[in-house]
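Colleague: I have a model open on my screen and would like to learn how to read it. Could you take me through it step by step?

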Amino acid sequence: MFKKRIAVFFTALCALFLFCACEKVEDMGTLPDISKPYVGEYMLERLMIGDRDMTEHFDEAKLSLTYDGKFKLTYQEADGQSGEYGGDYSVSTEREEITFSSKAGLRTVSRTFPIKNGAIFIDLRLGPKLLHAEFEMP
């Protein structure tokens, strides 16, 4: 009986060191950082270039975010052309923004955009016009 109590004590002690000797809970990150609720597929809901609505020019445009920090933008235009573009992403749940990074020749280009109510809003300058895209989970 005594040996059994010692075994239970050492097992509990090892579990205590195993689970409590790690970093503080505050240092582990927030629940959204751990669970990554933003991972998944986002569909193009709106695409504007300047004051022209370009959404109807696409049969489908999809932005996929994976758990391992990769993104892929795939699209199918109404005229049958298709393509894809990919790279890495990171999300700041505190600042509610996403940063996309991808290779452009020998350098890496990164752009940061807001996330509001689960939707990703992309605004980019194309010469004198503004490209505005909204991606939402279905």
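Modeller: Happy to! Helices (H or I, at least four residues) and strands (E, at least two) are DSSP runs, numbered from the N terminus. The protein chain here has two helices and nine strands, in the order α-α-β-β-β-β-β-β-β-β-β from the N terminus. This is a predicted model, where local features need pLDDT of at least 70, side-chain atom pairs count only at pLDDT 80 or more, and totals for chains, interfaces and linings use all residues. Residues are numbered from 1 along each chain as its sequence is written, and side-chain values use heavy atoms, with hydrogens and water left out.

Colleague: What does the protein chain average in pLDDT?

Modeller: pLDDT is the predictor's confidence in each residue, from 0 to 100. The average for the protein chain is 84, and 75% of the residues score at least 70. Over residues 12-18, though, the pLDDT is below 50.

Colleague: Is Glu134 buried or exposed?

Modeller: Buried means under 20% relative accessible area, exposed over 50%, and partly exposed in between (1.4 Å probe, protein chains only). Glu134 has a relative accessible area of 14%, so this residue is buried. Of the 138 residues in the protein chain, 28% are buried.

Colleague: Where is Glu134 found, and which residues is Glu134 in contact with?

Modeller: Glu134 belongs to strand S9, residues 129-136. Contact means heavy atoms within 4.5 Å. Leaving aside neighbours within four places in sequence, Glu134 is in contact with Met43, Leu44, Glu45, Arg46, Ile120 and Phe121.
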